Amino acid sequence: MKSKKRKLYLLELLGIVLGLIWLSPFYLMVVNSFKTKREIFTDTLKLPDVFTFDNYVQAFEELDFIRTFFNSVLITVLGVAVIILFSSMAAYALNRRKGKVSGLVFFLFIAAMLIPFQSVMIPLVSLFGKMELLNRFGIVFMYLGFGSSLSIFLYHGSLQGISKSLDEAATIDGANRWQIFWHIIFPMLKPISVTVAILNIIWIWNDYLLPSLVINQEGMHTIPLKMFFFFGQYTKQWHLALAGLTLAIIPVILVYFFMQKHIIKGIAEGSVK
């Protein structure tokens, strides 16, 4: 019994140490966002002598935060919405229509997750540049393509636990395929939909590479793109960058805390049974 308790204590201690290591970057970011540039280079770890919000005010103004925040919210909401809608419908069709063709299509979606973005970004931007779709709405279409594979995989696994007898009963009652999906199946997919939403919100909100290639119009920049302006060729405004980063992650953290209870449940339902 004593040896078991010691092991539990050691595991708890290890968990606390790992938790502190994981939280250390957040500590450095928040603490140094209240310091002057000189204080950051003097001592990075200690608390500031005087907590000042001047960095936040200046970062808010230089980021043009209201417009930039709106751009990020618009792209993220539209991107997540289309991913959830089309991925859930695609997974439903692949799950209910068993056969060699549906199996092959599902395999191709899974295999697409292994393709790195860097291998397709130049042809992608070149193609969409000719079609004049390099804007906020064009990037939403791209996010659908890159985010659908994982989302379809999760939805497909979750649908394994929903009996086909529900479809048959609804068909007997006179419901068509769309009514069956939208009014019966999709509400039952709420936990996995929340999981898909969280994963894609974090990805799209923090994405820098794709917007940097696609969005080239003034006034349409997202927060990660605007953050890059604090890092010049000769000087790096760390005090403003850290304040801007803190402002940028607050919305994602709030969304995560409000929806976290659905995440584990959704992933468990999305596992292949």
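Predicted model: local features only at pLDDT ≥ 70, side-chain atom pairs only at ≥ 80, totals over all residues.
Visitor: What makes a residue count as nonpolar, polar or charged?

Guide: Ala, Val, Leu, Ile, Met, Phe, Trp, Tyr, Cys and Pro count as nonpolar, Asp, Glu, Lys and Arg as charged, and the others, Gly among them, as polar. The second largest pocket is lined by Ala 112, Met 113, Ile 115, Pro 116, Phe 117, Val 120, Gly 145, Phe 146, Ser 149 and Leu 150.

Visitor: Which helix gives the largest share of the lining of the second largest pocket?

Guide: Helix 7 (residues 136-159), with 4 residues. Helices are DSSP runs (H or I, at least four residues), numbered from the N terminus.

Visitor: What makes a space a pocket?

Guide: On a 1 Å grid over the protein atoms alone, a pocket is an open set of points where a 1.4 Å probe fits, with protein on both sides within 12 Å along at least five of seven lines; lining residues have an atom within 4 Å of a point. The largest pocket has 14 such residues, with Trp 22, Phe 26, Ile 249, Val 252 and Ile 253 nearest its centre. Helix 13 gives the most to this lining, 7 residues. The lining holds 12 nonpolar, 2 polar and no charged residues.

Visitor: Why is Thr 36 called partly exposed?

Guide: Its relative accessible area is 39%. Buried means under 20%, exposed over 50%, and partly exposed in between (1.4 Å probe, protein chains only), so Thr 36 is partly exposed. Thr 36 sits in the loop between helix 1 and helix 2 (37-42).

Visitor: What makes a set of residues a nonpolar core?

Guide: Its members are buried Ala, Val, Leu, Ile, Met, Phe, Trp, Tyr and Cys residues, joined through side-chain atoms within 4.5 Å. The largest nonpolar core has 36 residues, and Ile 139, Tyr 155 and Val 196 are among those with the most contacts inside it. Helix 7 supplies the largest share of this core, 9 residues.

Visitor: Which residues is Val 196 in contact with, leaving aside its neighbours within four places in sequence?

Guide: Val 196 is in contact (heavy atoms within 4.5 Å) with Ile 83, Ile 84, Ser 151, Leu 154 and Tyr 155.

Methods: Residues numbered from 1 in each chain as written. Heavy atoms only, no water. Helix = DSSP H or I, 4+ residues; strand = E, 2+ residues; numbered from the N terminus.
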